[in-house]
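Welcome! Please take a moment to look at the sequence and the 3D structure, and then we will walk through some features together.

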Amino acid sequence: MSRLSRATEALALDGPTEPLLARAKREPARPTPGATTGGARPGSRPRRPDEDPPAVRWALVGFALLFLAAFVVLPASVVLVEALRGGVALWWKALVDADALSAVKLTLLVAAISVPLNALFGLAAAWSITRFRYRGKHVLLSLIDLPFGVSPVISGMITVLLFGAQGWLGPWLVAHGYKVVFAVPGIVVATVFVTFPFVARELIPFMQTQGAEEEEAALVLGASGWQILTRVTLPNVKWSLLYGVILCNARAMGEFGAVSVVSGHIRGVTNTISLHVEILYNEYAFQAAFAVASLLFLVAIATLGAKQALEWRQRAALRAAAQRNVL
Amino acid sequence: MSISIRGLSKAFDGHPVLNDVTLEIPEGELVALLGPSGCGKTTLLRIIAGLEMPDAGEVLHGGEDVSARSARERNVGLVFQHYALFRHMTVEENVAFALRVRRRPRAEVSARVAELLRLVQLDGHRTRYPHQLSGGQRQRVALARALATEPRILLLDEPFGALDARVRQELRRWLRRLHDELHVTSVFVTHDQEEAFEVSDRVVLMNAGRIEQVGSPAQVFEEPASPFVMRFLGAVNVFHGRVDGDRAYVNDLEFAAPGAAGRAPAHVYVRPHELDVHRAAAPGSFAARVERLVPLGGAVRVELSAPTYGRGAVEAELDLRKSEALGLAPGDRVWLSPRRVRVFTPTPEELDSLTASEL
């Protein structure tokens with residue numbers, strides 16, 4: 001389900017429950033004839049008809065909190081605590097280490113190449129899927145989801161099989177002096193493959209609900225394809241596009257499996273941040289490993305923050321739309 | 001600019017939507033494409049606009065074949081049912097869009113936009129965004145936007161469909177006045193008979209991808225060319241009978257049936273307001289029982305049963321004065337005489353699928 005429809009659903013649910021809640025607050029619990037014999041404590045709020053018993057509610061909330069603590073809060077704190085165990089100075093030293101810096105640079109470079117590529121691809125794919133009728137559209141749609149279903153290691157293997165020295169295209173590439181596998185291009189190819197669904201998957205449902213009418217209107221009004229794209233389509237999808245780009249970027253920076261297969265782990269040359277963390281960890285340089293890992297953690301926090309901000313924006317827009325419909 | 005449509009056919013995924021449609025729309029006329037949903041009227045409009053390509057046939061604008069031209073090159077104004085305003089642009093920017101993509105000089109654009117906004121009475125809203133406007137206002141912006149390049153053809157796809165009844169009424173009259181001022185050849189799609197009759201010079205009735213009849217509102221209402229037209233334009237009573245030569249018979253009632261020939265089963269259609277109600281037997285009448293009286297403001301609908309003339313209810317519509325004079329009450333025995341009938345000889349399938357009792 002798309003974020004948008006989820007937000008709509010939330011709105012739809014807000015509608016009927018709000019008055020109920022308001023009523024519950026306004027009317028203090030009056031002792032009803034049933035309450036005295038029914039055993040409800042005097043002064044307790046009457047239960048809404050769709051409400052579960054308190055025990056069930058507490059159990060569910062408790063379980064969810066416990067789960068979050070065990071699988072999100074605890075690991076996150078471990079990363080931060082371990083990273084700063086030796087003090088800020090040591091943490092900083094691990095970050096400005098030459099190999100660490102080159103890993104950061106490589107990660108930024110890979111993201112800087114693969115994210116725009118995938119933004120472009122996602123936009124083109126979403127455009128073609130939502131704006132045209134043709135055979136094999138469903139196949140294309142399933143193919144876009146492929147990287148979600150395939151283990152990243154397999155994606156890395158595919159890259160090696162295609163571009164490796166013994167691969168299909170490898171010999172030709174080697175003969176012409178191109179090095180793909182165990183070099184930056186291979187890492188970019190693997191990252192692009194793993195992250196290409198993010199933008200398309202974000203845009204397709206959004207563009208589907210929006211429909212093509214505005215673009216048709218622009219066409220009839222005499223706009224060229226480029227004018228329609230830049231003046232109508234892009235301004236309309238910009239928030240969805242940005243959202244997809246943020247997710248795509250987070251994945252591109254954090255990708256491990258596929259990159260691990262194609263990189264060759266050459267220190268200072270083909271190590272990304274996540275690979276560098278692994279190497280440090282395997283060398284028992286725990287403090288340095290966690291210090292570098294904390295960088296990825298910061299990326300995650302920034303992603304989350306940006307994602308939340310975009311969602312608030314979208315929800316506000318939806319609420320405004322809903323209000324308009326009431327008026 | 002006149003519009004000619006010749007032998008147009010279109011299918012979506014193997015389902016025919018338009019079937020050999022031919023239509024002439026003279027310059028300056030306001031024509032309504034009227035029909036039930038799924039009859040192909042919107043597809044026809046979109047083909048005229050160039051948003052759909054026909055499988056066969058051609059479209060001429062002003063005698064010139066535009067079949068090969070894209071929507072972009074046809075310079076028609078198109079108004080969508082759900083406005084399709086650019087939501088991130090102000091009213092002014094929306095109206096200016098067509099001029100800006102044509103890179104017209106700034107001064108010309110702003111003068112034209114001001115003129116158009118005056119025309120649609122929205123001069124005070126130029127910096128608003130579409131979501132800050134009411135439905136009626138949005139549709140007027142859409143119209144102003146469509147007229148910006150002075151198109152010689154204006155197409156409207158259910159332009160009032162998404163509006164509430166009162167606004168719809170106002171906008172209809174306004175559209176008619178606007179058309180009388182501008183005289184731009186206009187085609188609008190609607191499924192609402194009243195709307196089509198009120199606004200248009202001519203009505204094109206469509207059904208299942210074909211044109212059933214083309215004519216003025218009075219023509220198609222008074223002389224429906226087919227049972228479909230008869231039924232689509234208002235309530236109708238259907239009696240099963242037969243034709244013999246140029247006479248039609250239902251039980252012992254006899255009607256003139258000009259144009260019919262030979263002997264065949266026939267359907268005799270009578271509109272409720274063309275069915276007279278009498279307190280006593282009159283020549284050419286049949287007995288019925290009053291079941292229910294439904295006041296409709298200026299008129300009263302009388303629902304009757306006449307078992308020998310079909311199992312279903314028979315409807316008559318009387319004006320208030322007549323109904324008061326008769327003083328009808330449920331259970332009363334009355335006599336009905338059709339003032340005017342239309343006789344159609346149905347095809348065998350129609351006879352099977354369609355019985356008076358089902359109506």
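In which hand, left or right, does α11(A) pass α12(A)? The crossing of α11(A) with α12(A) is right-handed; a crossing has this name if the near helix is turned clockwise from the far one by less than a right angle, and is left-handed if anticlockwise.

Before going further, a few words on the model. This is a predicted model, in which local features need pLDDT of at least 70 and side-chain atom pairs count only at pLDDT 80 or more, while totals for chains, interfaces and linings use all residues. Residues are numbered from 1 along each chain as its sequence is written, and chains are lettered from A and ligands numbered from 1 in the order in which they are written. Helices (H or I, at least four residues) and strands (E, at least two) are DSSP runs, numbered from the N terminus.

**Helix pairs in chain A**

Two packed helices are described by the angle between their axes and the distance between the axes. Here, axes are lines fitted to C-alpha atoms, for helices over the stretch in contact, and angles run from 0 to 180 degrees between N-to-C directions.

| Helix pair | Axes come within | Crossing angle |
|---|---|---|
| α11 (213-220) and α12 (225-254) of chain A | 10 Å | roughly 165 degrees |
| α5 (98-131) and α10 (197-210) of chain A | 8 Å | roughly 35 degrees |

α11(A) and α12(A) are therefore roughly antiparallel to each other, a term for angles over 145 degrees. Residues are in contact if their C-beta atoms, placed from the backbone, lie within 7 Å. On the α11(A) side these are Glu214(A), Glu215(A), Ala218(A) and Leu219(A), and they meet Ile228(A), Val232(A), Thr233(A) and Asn236(A) in α12(A). This contact has 4 nonpolar, 2 polar and 2 charged residues. Ala, Val, Leu, Ile, Met, Phe, Trp, Tyr, Cys and Pro count as nonpolar, Asp, Glu, Lys and Arg as charged, and the others, Gly among them, as polar.

α5(A) and α10(A) also make a right-handed crossing. Residues in their contact include Gly122(A) and Leu123(A) of α5(A) and Phe198(A) and Met207(A) of α10(A). By class, the contact of α5(A) with α10(A) has 11 nonpolar, 4 polar and no charged residues.

**Where the chains meet**

Chain A gives 16 residues to the contact and chain B gives 18 residues. On the side of chain A, α11, α12 and α15 (286-326) each supply at least two residues. The largest share, 6 residues, comes from α11(A). This side of chain A has 9 nonpolar, 3 polar and 4 charged residues.

**A sheet in chain B**

Five strands of chain B form an open, antiparallel sheet in the order β15-β19-β16-β17-β18. Its edge strands, β15 (275-278) and β18 (313-319) of chain B, each pair on one side only. Two strands pair if DSSP finds at least two bridges between them. Neighbouring strands are turned by 45 degrees against each other on average, direction ignored. β17 (299-305) of chain B pairs with β18(B) over 7 bridges, and Ser305(B) stands opposite Ala313(B).

**Two asparagines with positive phi**

Most residues other than glycine have a negative phi. Asn75(B), however, has a positive phi of about 50 degrees, and its place is the loop between α2 (71-74) and β6 (77-79) of chain B. Asn251(B) also has a positive phi, near 50 degrees, and lies in the loop between β12 (247-250) and β13 (253-256) of chain B.

Methods. Angles under 35 degrees count as roughly parallel, over 145 as roughly antiparallel, 65 to 115 as roughly perpendicular and the rest as oblique. Two residues are in contact if their C-beta atoms, placed from the backbone, lie within 7 Å.
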